[in-house]
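User: I am new to this structure and would like to learn how to read it. Please take me through it one feature at a time.

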Amino acid sequence: MKNIPPSIADKIGRNLYRESNHPICIVKEMVFDYFKDLAKIEIDNPYVPVEYNFDRLRVPADHPSRSITDTFYKDKDTVLRTHMTCYLYPLGSSNNGKSMLKYITCGDVYRKDAIDATHYPVFHQVDAFCIVPNEIDIKQDLRTKLGGLVKHLFGDKSEYRFLEDTEHKDVYFPFTVNSFEVEVKFETEDGIKQLEILGAGTVHPDIMKDLGLPDHQAWAFGIGLERLAMIMFDIPDIRFFWTKDPRFLEQFQPGKVTKFKPFSKYEKSYKDVSFFVSPEFSYNDLCAIARDADHDSIIESITLIDEFQKNNRTSQCYRISYRSMDGTLKSSDINSLQESIRASLVSKLKVELR
């Protein structure tokens, strides 16, 4: 089951959420500061049992998130955490007599993902769990808290709305009921945009029973820090968060939100790769192969641009866009990387190149 590539293993222990002048840490501290009554917990070790990451949270055995094309496995029983909700049982359980009834936690989480400006296989999440008295309207309490968080982060005049389950939108988390998302409106150079920033709900009664708290109610939410930081600091590409370039890091100070000033914008280059897919192929695995080969983080995106059927076989063509954040790319560097990706597609995913 082990499928953790070097490009992911290298990120373990970076702990960007602990670097006080890093945008990820700055946003985390702002969220922590708002929830003053919750215990603050940070867990650096990202390996967790499958039991806590999936089983205890009511994730079905056949759910796609469990597959090796979505999740990084250390072995059949251990994964790199895919969300910080994985600590709900070990922290919230009263069966061991040490329940953390109110907590907020932060850490790096890992999921196989697309390659583009807003997705990365390692990102950071804040997750919270809070018991509230039974006489309190838990839905209203949670909405009030999260509405206040939005204003705390984006200002008193910020516009937001709650998105619930409707015939037009499915808002579902296996570990909550009365689930909803929070969408924030913000301005960009391209005009007004709306972005979902968090998911929340009432902890599922089955989980409360399993926690040894059948007669209590609690709410929970999870929020991705990269999405917040990209909006608040005007950071255009998620790869910036992982750079060690002082031209990026020296722009920020602990406790302050300052707009990012671009220090380079080099030309984009692209190359296409076409092949007949195999049973072993998945887009997420293509991205994982590309990231392993891309030691200098020069791949900006991978996009499907063509697909057709021939003799009961599926042919796909992907465009790989290259752009360095540090300098002009050499054709020889791009060609070498492209050939490495093509070779790995054949050897690892058994595709037939065209």
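Predicted model: local features only at pLDDT ≥ 70, side-chain atom pairs only at ≥ 80, totals over all residues.

User: What span should helix α2 have, and what is the distance between its end C-alpha atoms?

Analyst: Helices (H or I, at least four residues) and strands (E, at least two) are DSSP runs, numbered from the N terminus. The expected span of a helix is 1.5 Å times one less than its number of residues. Helix α2 covers residues 23-34, twelve residues, and should therefore span 16 Å; its end C-alpha atoms are 17 Å apart, which agrees.

User: How many residues of α2 are buried?

Analyst: Buried means under 20% relative accessible area, exposed means over 50%, and partly exposed lies in between (1.4 Å probe, protein chains only). Nine of the twelve residues of α2 are buried, so the helix is largely enclosed by the rest of the structure. The buried ones are P23, I24, C25, I26, V27, K28, M30, V31 and F32.

User: Which elements do these buried residues of α2 pack against?

Analyst: Contact means heavy atoms within 4.5 Å. The buried residues of α2 pack against the strands β1 (39-42), β5 (102-110) and β6 (122-132), and against the helices α5 (138-154), α7 (225-233) and α8 (246-249).

User: In which sense does β5 pair with β1, and in which sense with β6?

Analyst: Strands of a sheet pair through backbone hydrogen bonds, either parallel or antiparallel. Two strands count as paired if DSSP finds at least two bridges between them. β1 and β5 pair in the parallel sense over four bridges, with K40 opposite I104 in β5. β5 and β6 pair in the antiparallel sense over nine bridges. Across that pairing, the bridge partner of T105 is D127 in β6, and Y103 stands opposite F129. β6 also pairs with strand β10 (residues 217-224), in the antiparallel sense over eight bridges; there I131 has A218 in β10 as its bridge partner.

User: How many residues of β5 and of β6 are buried?

Analyst: In β5, eight of its nine residues are buried. In β6 the count is eleven of eleven. Both faces of β6 are covered: V122, H124, V126, A128, C130 and V132 are buried on one side, and F123, Q125, D127, F129 and I131 on the other.

User: In what order do the strands of the four-stranded open sheet lie?

Analyst: The order is β12-β13-β11-β14, and the pairing is antiparallel. The edge strands are β12 (299-310) and β14 (352-353), each of which pairs on one side only. Strand β11 (residues 269-276) and strand β13 (residues 313-322) pair over eight bridges in the antiparallel sense. Y270 has S321 in β13 as its bridge partner.

User: How much space lies in the largest cavity, and which residues line it?

Analyst: Rolling a probe the size of a water molecule over the atoms shows where empty space is left. On a 1 Å grid over the protein atoms alone, a cavity is a set of points where a 1.4 Å probe fits but cannot get out, and a pocket is an open set with protein on both sides within 12 Å along at least five of seven lines; lining residues have an atom within 4 Å of a point. Grid points are joined across faces, edges and corners, and a volume is the space filled by probe spheres set on the points. The structure holds one cavity of 30 Å³ or more, and about 60 Å³ of space lies in the largest cavity. Its lining is P5, S7, I8, F72, K112, D113, P121, N284, C287, A288 and R291. α9 gives the most to this lining, with four residues.

User: How much space lies in the second largest pocket?

Analyst: About 580 Å³ of space lies there. Its lining has 27 residues, of which K11, Y120, D294, H295 and S297 lie nearest the centre.

User: Is S344 buried or exposed, and what about K265?

Analyst: S344, in helix α10 (residues 331-349), is buried, with a relative accessible area of 16%. Not counting residues up to four places away in sequence, S344 touches I289 and L349. K265, in the loop between α8 and β11, counts as exposed at 68% relative accessibility. The C-alpha atoms of K265 and M30 are separated by 30 Å.

Conventions: Residues numbered from 1 in each chain as written. Heavy atoms only, no water.
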